[in-house]
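Trainee: Could you walk me through a structure while I have it open?
Mentor: Gladly; ask as we go.
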Amino acid sequence: PESVVVAAPAPAMAAGLAQRSTTAKINVNEAMVAIPWDRQDELDPPFEHDAEKQPTRLLCARDGTRVRLHVSLPLEAAVDGVNVRVLFRVNGALFLRGEGSSGPFGGPEGAGRASARAEVIATLNAGDYVEVVTLRAGAAGNATVEPDAAAFIAETR
């Protein structure tokens, strides 16, 4: 009889999830704004977050961590022509490929609404941190994140 060798599957890495939200009603339509995340919905290893000392940073505590990053920013603006870009920045310097933009705001004049979303997959090492950063890409004027409506999600498999 022939013998069949079946390779055992590689051990799966433990899944980790971090989901943050914010109550900050800050103007994100500036040259560069890092969003502070002050609400912790979920926070599993290998992620760490200090909402008081470094609210903009989501820290990774494990080398070689493949992570999917997702952000959704529901926005309100009181002026026409606003467009907000959203990006992921690692360690205060490296911008990851995969950005989003709010595009034009809709709704009645003086009360426009839009949403900026972005998603990317990256590999992080222990000590790396990720921030969600916005940049003005249209007209000047206040554009704020709807409190309790934004979400920043990081997940591993």
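Mentor: What follows is a talk about the core, the aromatic rings and the salt bridges.

Trainee: What kind of model is it, and how are residues numbered?
Mentor: This is a predicted model, in which local features need pLDDT of at least 70 and side-chain atom pairs count only at pLDDT 80 or more, while totals for chains, interfaces and linings use all residues. Residues are numbered from 1 along each chain as its sequence is written, and side-chain values use heavy atoms, with hydrogens and water left out.

Trainee: Which residues have the most contacts inside the largest nonpolar core?
Mentor: They are Leu-69, Leu-73 and Phe-88, in a core of 34 residues. A nonpolar core here is a set of buried Ala, Val, Leu, Ile, Met, Phe, Trp, Tyr and Cys residues joined through side-chain atoms within 4.5 Å, where buried means under 20% relative accessible area, exposed over 50% and partly exposed in between, with a 1.4 Å probe and protein chains only.

Trainee: Is Leu-75 buried or exposed?
Mentor: Leu-75, which lies in strand E6, is buried, with a relative accessible area of 0%. Its contacts, again leaving out residues up to four places away in sequence, include Val-28, Phe-105, Arg-113 and Glu-146.

Trainee: Switching to rings, how many aromatic pairs are there?
Mentor: The count comes to 2, where rings of Phe, Tyr and Trp (its six-membered ring) pair if their centres lie within 6.5 Å, and planes under 30 degrees apart count as stacked, over 60 as edge-to-face and the rest as tilted. Trp-37 and Phe-152 form a tilted pair, 5.5 Å centre to centre with 40 degrees between the planes. Trp-37 lies in the loop between strand E2 (33–34) and strand E3 (39–43) and Phe-152 in strand E13, so the pair ties together parts that are 115 residues apart in sequence. Both Trp-37 and Phe-152 are buried, and together with Phe-88 they form one aromatic cluster.

Trainee: Which ring does the charged end of Arg-57 sit over?
Mentor: It sits over the ring of Tyr-129, 3.9 Å from its centre; the rule asks for NZ of Lys or CZ of Arg within 6 Å of the ring centre and within 35 degrees of the ring normal.

Trainee: How many salt bridges does a search of the whole structure find?
Mentor: The search finds 8, a salt bridge being a side-chain nitrogen of Lys or Arg within 4 Å of a carboxyl oxygen of Asp or Glu. In one of them Asp-148 pairs with Arg-39, the closest N and O atoms being 2.3 Å apart. Asp-148 lies in the loop between E12 and E13 and Arg-39 in strand E3, so this pair ties together parts that are 109 residues apart in sequence. Asp-148 is partly exposed at 47% relative accessibility, and Arg-39 is partly exposed at 38%.

Trainee: What about Arg-113, which residue is its salt-bridge partner?
Mentor: Arg-113 forms a salt bridge with Glu-146, with 2.5 Å between the closest N and O atoms. Lys-25, Glu-76, Arg-113 and Glu-146 are linked in a network of salt bridges.

Methods. Helices (H or I, at least four residues) and strands (E, at least two) are DSSP runs, numbered from the N terminus. Contact means heavy atoms within 4.5 Å.
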